[in-house]
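Have the model open as you read.

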Amino acid sequence: MAAEVATWVRTNQEWVQSLREQQTESYEMLWRYLYKVTYNLCTRRLADLPIECQLALAEECAQEALVQVWRKLDTYRGDGPFLGWVTRIAVNKLRDRLRHERPW
């Protein structure tokens, strides 16, 4: 666990550079860390739903968000934290999903 945390002590540029170079270990590490972050974020935002719906929807949105991160990696400008950019994508994915699933 400590080694995993230590590897996350990188700058935004180092993360983006290693991902753009398609380094397999960077993708793995990023998935393990960011999946937890995006999944937890989504479950907190869905707290008003029944637990079984909440967990399933959070899992789907977290996965969709991470796929979107990899697709849009070239659009990351580096003017803010990488984690902030990723969480914004996750929140937007969740909002889009809820907009389609919840009749207002």
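## The buried side of α5

Keep in mind that this is a predicted model. In α5, the buried residues are Phe82, Trp85, Val86, Ile89, Ala90, Val91, Leu94 and Leu98. As a reminder, an α-helix has 3.6 residues a turn, so residues three or four places apart point the same way.

Now for what packs together. The largest nonpolar core is made of 18 residues, and Leu34, Val69, Phe82, Trp85 and Val86 have the most contacts inside it. At least two residues each come from α2 (12-20), α3 (24-45), α4 (51-71) and α5. Of these, α5 gives the most, with six residues.

There's another core lying apart from that one, with seven residues, including Cys42, Ala58, Cys61 and Leu98. Leu98 is also on the list of buried residues in α5.

## Aspartate 96

Aspartate 96 belongs to helix α5, which runs over residues 82-101. Is aspartate 96 buried, partly exposed or exposed? Its relative accessibility is 38%, so aspartate 96 counts as partly exposed.

As for its contacts, the side chain of aspartate 96 makes a polar contact of 3.0 Å with the side chain of arginine 99. Along the chain, aspartate 96 and cysteine 61 are 35 residues apart, and their C-alpha atoms are separated by 9.6 Å. Cys61 is one of the residues of the seven-residue core.

How values were computed
Residues are numbered from 1 along each chain as its sequence is written. This is a predicted model: local features need pLDDT of at least 70, side-chain atom pairs count only at pLDDT 80 or more; totals for chains, interfaces and linings use all residues. Side-chain values use heavy atoms; hydrogens and water are left out. Helices (H or I, at least four residues) and strands (E, at least two) are DSSP runs, numbered from the N terminus. Buried means under 20% relative accessible area, exposed over 50%, partly exposed in between (1.4 Å probe, protein chains only). A polar contact is a pair of N or O atoms within 3.5 Å; within protein, one must be able to donate a hydrogen and the other to accept it, and residues adjacent in sequence count only if both atoms are side-chain atoms. A nonpolar core is a set of buried Ala, Val, Leu, Ile, Met, Phe, Trp, Tyr and Cys residues joined through side-chain atoms within 4.5 Å.
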